[in-house]
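Here are some exercises for getting to know a new structure. Try each task on your own, then walk through the solution step by step.

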Amino acid sequence: MLPPAPARAPRDTDAAVRSTDSDAAQARLSAISKGYLFDQFAHHLVPRARFATPRPPLINHGTHVRATALDTLVDEWLVAGGVDVKKQIISVGAGSDSRFWRISTGPLKDALHAYLEVDLPENTLAKAMAIRKSKELSAVLGDNVTLTLGGQGLESPRYVLAPVDLREDPAQTLQPFVARGMLDPSIPTLIVAECVLVYMDRAASDRVLRWAANTFDVAGGLVYEMFGLNDGFGRVMRENLLARNVQLPGVDAYPTLHDQAARFRQTGFVTVQRALSLRTIRATHISSEERARIAQLEMLDEVEELELVLAHYVIAFGVKASDPESPFASWNLPAALPVVR
Ligand SMILES: C[S@@+](CC[C@H](N)C(=O)[O-])C[C@H]1O[C@@H](n2cnc3c(N)ncnc32)[C@H](O)[C@@H]1O
């Protein structure tokens, strides 16, 4: 959503990019505290979560659309072919995301074979510490948990957290997880890039997606990010981010919905390519029951402003499945997203 005004710009650009995780986490905590989302794990992953400042209704509405649509697409991947068919998830630029814990304690837990999260080392160090400190998070991982790489990584039988700079060649950074058997190339694998590829140039982001499409027999890709920032709104967003030293080297690579879908074909996701703005998802995929539930949480006066913001965020996804009859070839956002409970 819209970046908050700068308090103090971090010195180096990587520090600024890493700090975007805190914005995402604070927005999520706000939406949870107001009842837009349900998540019993998020606050264990964010330092001083109970002091999180509530965000305005417009931001909470946006966070609700983003999270509900992404969670639903991930769930649809996990149910494809039935829960007996095992799947893997790779979350790149995972930040403080709690999705692994929500899946592992939910009805689709048996569909999950392995879950890999990567981020820059400072962020994985903080996450590994938060996991070790939390009884609730640790309990989900079981007893067999080890810290790796001086605390920058963490490994358990099903979940691995690792420091990786996604600008480096995935053949060197991600392939080792396949080589040592943590990830199985024969298991349908979804790579999730939630608000991260836009922080790197096109060559690097394409290389990450292409690696996934080439590595797994059946691969899904899911991207969420801002796009189309060449209008007045986009210029303000860029300026706000630049004031915090955050640059978006990838934002002009795929400026339209068509480009966002096409990026998947270009990177090897040859079976399915789709892209929807959050504005369209809010308008056409939120059920009337969920609309009624959300409407009574907070008063939202700025509907036009919300729509303007949502028109600048995209959820794009693609599939590579050599068998056109594969259940993964029909992976899609359902017409009505489920009601959050
Ligand atoms: C806006 S946050 C999103 C976090 C999480 N995916 C979410 O949506 O809540 C962006 C994350 O991407 C990570 N990131 C940015 N550039 C990266 C890179 N080159 N390699 C690995 N992680 C990166 C940041 O450190 C940060 O945690």
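**Exercise 1.** Leaving aside its neighbours within four places in sequence, which residues is Tyr159 in contact with?

*Solution.* Before starting, note that this is a predicted model: local features need pLDDT of at least 70, side-chain atom pairs count only at pLDDT 80 or more, and totals for chains, interfaces and linings use all residues. Residues are numbered from 1 along each chain as its sequence is written, and side-chain values use heavy atoms, with hydrogens and water left out.

Step 1. Contact means heavy atoms within 4.5 Å. Once neighbours within four places in sequence are set aside, Tyr159 is in contact with Phe100, Trp101, Tyr115, Glu117, Lys127, Ile131, Leu141 and Leu154.

Step 2. Buried means under 20% relative accessible area, exposed over 50%, and partly exposed in between (1.4 Å probe, protein chains only).

Step 3. Helices (H or I, at least four residues) and strands (E, at least two) are DSSP runs, numbered from the N terminus.

**Exercise 2.** Where does UniProt place the feature "binding site"?

*Solution.* Step 1. The unreviewed UniProt entry puts this feature at Arg66, Gly93, Asp165, Leu166 and Glu194. UniProt positions are given in the numbering used here, feature names are shortened, and annotations may be inferred rather than shown by experiment.

Step 1. These positions span 129 residues in sequence, and their farthest two C-alpha atoms are 24.7 Å apart, so they do not all gather at one spot.

Step 2. Look at Glu194, which belongs to strand 6 (residues 189–194). Glu194 counts as buried because its relative accessibility is 19%. Not counting residues up to four places away in sequence, Glu194 touches Arg66, Leu70, Val92, Gly93, Arg99 and Tyr224. The side chains of Glu194 and Arg66 are joined by a polar contact of 2.9 Å. A polar contact is a pair of N or O atoms within 3.5 Å; within protein, one must be able to donate a hydrogen and the other to accept it, and residues adjacent in sequence count only if both atoms are side-chain atoms.

Step 3. Turn to Asp165, in the loop between strand 5 (159–163) and helix 6 (170–173). Its side chain makes a polar contact of 2.7 Å with that of Arg167.

**Exercise 3.** Which residues come nearest to the ligand?

*Solution.* Step 1. Of the 21 residues around the ligand (a heavy atom within 4 Å), Arg66, Gly93, Asp119, Leu166 and Glu194 come nearest.

Step 1. Check the polar atoms. A ligand nitrogen is 2.8 Å from a polar backbone atom of Gly93, and one is 2.9 Å from a polar backbone atom of Leu166. For Asp165, a polar side-chain atom lies 3.0 Å from a nitrogen atom of the ligand.

Step 2. Taken alone, the ligand exposes 590 Å², and the protein buries 96% of that (Shrake-Rupley method, 1.4 Å probe; for residues, only the protein chains shown count as cover).
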